[in-house]
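I opened this one to see what I could look up about its two chains and how they meet. Notes below, in the order I went through them.

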Protein chains: 2
Amino acid sequence: MRIVSLAGGIGGARFLRGLLTAAPSSEITVIGNTGDDISLYGLRVCPDLDTVMYTLGGGINEEQGWGRQKESHVVKEELAAYGVEPQWFGLGDRDFATHIVRTQMLDAGYPLSAVTEALCARWEPGVRLIPMSDDRTETHVVISDEQGRRAVHFQEWWVRLRASVPAEQIILVGADEAKPAPGVLQAIADADLVILPPSNPVVSIGTILQIKGIREALDAKTVVGVSPIIGGAPVRGMADACLTAIGVETTAQAVLDLYGSPLIDGWLVAEEDAGVGLDGVSVEARPLIMHDVESAAAIARAALDLATRIAARRGAATQDGDAR
Amino acid sequence: MRIVSLAGGIGGARFLRGLLTAAPSSEITVIGNTGDDISLYGLRVCPDLDTVMYTLGGGINEEQGWGRQKESHVVKEELAAYGVEPQWFGLGDRDFATHIVRTQMLDAGYPLSAVTEALCARWEPGVRLIPMSDDRTETHVVISDEQGRRAVHFQEWWVRLRASVPAEQIILVGADEAKPAPGVLQAIADADLVILPPSNPVVSIGTILQIKGIREALDAKTVVGVSPIIGGAPVRGMADACLTAIGVETTAQAVLDLYGSPLIDGWLVAEEDAGVGLDGVSVEARPLIMHDVESAAAIARAALDLATRIAARRGAATQDGDAR
């Protein structure tokens with residue numbers, strides 16, 4: 001079975017680990033969000049791609065959900081001793097090596113997709129990880145603070161400000177020009193099923209959907225999403241701050257409406273959100289908390305099961321149509 | 001008193017620490033060798049400048065003579081895990097931060113001299129450290145091995161091969177186009193005395209002397225050199241391998257002849273090399289082993305004392321000439 005999944009950072013990566021457990025013999029392609037990417041100290045940092053790569057490759061710091069396990073912070077301390085800014089982004093020494101390799105390859109002219117493939121040759125994540133685009137895009141957030149109304153890089157809002165200042169607008173700079181990375185549209189076209197993990201619907205999945213051609217390609221496929229909102233609150237992270245910025249309520253219903261039909265064909269919600277619905281969408285209620293790999297795998301199994309049933313129904317309908 | 005010194009790596013840096021102790025109220029400008037510089041993993045590494053900066057700034061690894069004290073090697077291990085080459089150059093984590101800052105500033109358009117000044121703002125080495133040139137030059141070494149006759153970067157010959165393969169030729173690539181960095185010629189012109197530490201006469205001092213205008217500027221000054229060769233062997237390092245490559249014997253006499261007059265006005269040799277001499281050069285024999293800062297300071301004092309006497313003699317001769 002060929003599965004495509006879209007993914008942001010921690011939530012997406014943990015869900016994917018469950019998906020790999022649930023469907024070990026499937027061919028899984030992950031389209032990763034690069035809107036969070038940032039250049040720091042002359043190095044190109046791709047937080048979401050790395051979180052997926054480290055999580056699936058066994059190198060993630062489990063407690064914090066991002067960065068490397070057994071990490072040290074000598075380089076960061078030294079940069080601070082030189083007075084280099086910013087000092088609010090916590091890169092560890094092991095992580096620095098990844099960014100050094102990536103930057104060297106990018107500077108040598110390799111596209112991000114080739115660089116990501118090269119990095120994954122070490123990590124063997126068990127999926128094919130492709131950045132949404134080789135073109136540089138960056139999510140910026142418009143805020144108003146003592147410095148006035150201004151746009152800051154998503155990471156500055158998310159990491160430095162902990163999303164404490166309301167986002168007035170969230171803009172993917174470069175979205176108009178960005179093309180899907182090589183392999184993205186083909187992987188979607190070839191997919192039997194598409195699964196949207198409980199990643200941030202605005203700055204992760206929403207960002208990927210802004211790359212031209214991706215949403216249209218997905219509209220033609222059987223897509224099942226896992227709600228990132230349970231009982232009116234994000235499972236983790238600060239998705240509520242992002243949803244508010246784009247005028248969407250923090251509910252499983254509102255996120256389903258945001259994605260909409262024909263994109264979504266099946267929607268998994270938590271049991272307390274039973275009752276959510278949308279025309280043309282099969283909604284099912286399941287426990288959605290990912291405590292560990294096994295609970296993530298159970299959610300993935302439910303998503304795959306729902307998607308398989310929807311696809312079979314569609315296949316039957318198509319055959320009926322053909323027979324007519 | 002205004003003193004100019006030329007310096008390579010370990011030997012030069014240790015001598016300079018002695019010079020600072022010997023002449024604490026002097027204004028010392030150090031012209032640093034950049035022929036050893038190398039780009040590794042997309043980062044610009046300046047081994048000699050850093051050795052001077054760390055040694056005088058109190059950050060050096062005393063045992064090995066280069067690199068930072070309390071150093072770790074996590075980044076290097078991770079780069080190796082990615083299969084990145086070369087793996088024979090031992091950059092530590094603290095050291096990496098220096099190269100990251102340097103590379104970011106160079107990429108932003110700052111010349112190496114400005115970058116070095118910025119790095120020194122942290123280290124406060126007590127001297128003004130200027131690279132010999134802002135233009136990129138690199139020492140390459142012609143060798144013959146199983147891969148045939150070929151030129152390798154100096155660092156590959158020095159660090160990877162430990163100078164075990166004979167150097168057939170040593171070439172400073174870029175020497176013809178390189179101009180002295182801003183401040184170099186002015187510092188020499190303004191200097192009361194110039195001291196050449198016991199740095200490598202071929203790939204350290206010899207390299208600096210190849211930058212156009214520097215040798216000519218030094219010819220006009222009172223220059224005292226400290227022999228890097230004691231009793232037919234280098235005090236440290238592999239200067240003999242470099243001297244052989246350019247057809248010069250490993251003796252205090254041969255190095256004096258190599259520098260020659262009018263460049264050199266005074267030459268300090270070890271007691272076992274008493275008898276060395278050259279027309280127009282005042283030679284004195286002294287203990288030249290640098291065990292510690294105090295013995296380095298004693299050598300520096302002897303060099304300053306000799307230089308001061310030569311300069312006074314010249315001043316008197318000039319006054320006599322004026323009076324005639």
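**B:E156.** I started with B:E156, which lies in helix α6 of chain B, residues 154-160. This is a predicted model, so I keep that in mind for every entry. Is B:E156 buried or exposed? I get a relative accessible area of 18% for B:E156, and the cut-off for buried is under 20%, so this glutamate counts as buried. Leaving out residues up to four places away in sequence, I find B:E156 touching B:W88, B:R150 and B:L161.

**B:S204.** Next I went to B:S204, in the loop between β9 (193-196) and α8 (205-209) of chain B. At 5% relative accessibility B:S204 is buried too. Which residues does B:S204 touch, not counting residues up to four places away in sequence? I list B:G8, B:G9, B:N33, B:D48 and B:S199.

**Helix α2 of chain B.** B:D48 from that list sent me to α2(B), where B:D48 is one of the buried residues. Ten of the eleven residues of α2(B) are buried, so the helix is largely enclosed by the rest of the structure. The buried ones include B:P47, B:L49, B:V52, B:M53 and B:Y54. After the helix comes B:G58, and I noted its positive phi, near 85°.

**Chain B against chain A.** Then I turned to the interface. How many residues does each chain put into the contact? I get 25 from chain B and 25 from chain A. Together the two chains bury about 2,200 Å², with 64% of that on carbon and sulfur atoms. On the chain B side, B:E78, B:Y82 and B:R122 supply 31% of the area buried against chain A, more than any other three residues.

I checked the polar side as well. The rule finds six salt bridges across the interface of chain B and chain A, and ten residue pairs in polar contact. Elements giving two or more residues to the chain B side are α2 (47-57), α3 (74-81), α4 (93-107) and α5 (112-123). The largest share comes from α4(B), with eight residues. By type, I have the chain B side down as 16 nonpolar, four polar and five charged residues.

One of the salt bridges joins A:R68 to B:E78, 2.7 Å from N to O.

**How the copies are related.** I superposed chain B on chain A: a rotation of 180° does it, with 0.0 Å of shift along the axis and an RMSD of 0.0 Å. The two copies are thus related as by a two-fold rotation axis. Which C-alpha of chain B is nearest the axis? That of B:D93, 3.7 Å from it. Both copies use the same surface, as 100% of the contact residues of chain B recur in chain A.

**Salt bridges elsewhere.** Over all chains the structure holds 30 salt bridges. I looked at a few of them.

- A:R17 pairs with A:E62, the closest N and O atoms being 2.7 Å apart. The pair links distant parts of the chain, 45 residues apart: A:R17 is in helix α1 (residues 10-22) and A:E62 in the loop between α2 and α3 of chain A. I have A:R17 as buried at 18% relative accessibility, whereas A:E62 is partly exposed at 38%.
- A:R314 meets A:D265 at 2.4 Å, N to O. This pair also links distant parts of the chain, from helix α12 (residues 293-323) to the loop between α11 and β13 (266-269) of chain A, 49 residues apart. Here A:R314 is partly exposed at 32%, and A:D265 is buried at 4%.
- B:R301 bridges to B:E294, with the closest N and O atoms 3.3 Å apart. Both ends are partly exposed: B:R301 at 38% relative accessibility and B:E294 at 44%. Turning back to shared partners, I noted that A:R68, A:R94, A:R122 and B:E78 are joined into one network of salt bridges.

**A:V248.** Last entry. A:V248 is in the loop between α10 (239-245) and α11 (252-259) of chain A. A:V248 is buried, with a relative accessible area of 15%. Apart from neighbours within four places in sequence, its contacts are A:L243, A:A254 and A:L258. I also checked A:V248 against A:W123: they are 125 residues apart in sequence and 37 Å apart in space, C-alpha to C-alpha.

Note on methods. Residues numbered from 1 in each chain as written. Chains lettered and ligands numbered in written order. Predicted model: local features only at pLDDT ≥ 70, side-chain atom pairs only at ≥ 80, totals over all residues. Heavy atoms only, no water. Contact = heavy atoms within 4.5 Å. Buried area = accessible area lost by both parts, 1.4 Å probe. Salt bridge = Lys/Arg side-chain N within 4 Å of Asp/Glu carboxyl O. Polar contact = N/O pair within 3.5 Å; in protein donor to acceptor, adjacent residues only side chain to side chain. Helix = DSSP H or I, 4+ residues; strand = E, 2+ residues; numbered from the N terminus. Nonpolar A, V, L, I, M, F, W, Y, C, P; charged D, E, K, R; others polar. Buried < 20%, exposed > 50% of the residue type's maximum accessible area, 1.4 Å probe, protein only. Least-squares fit on C-alpha atoms with pLDDT ≥ 70 in both.
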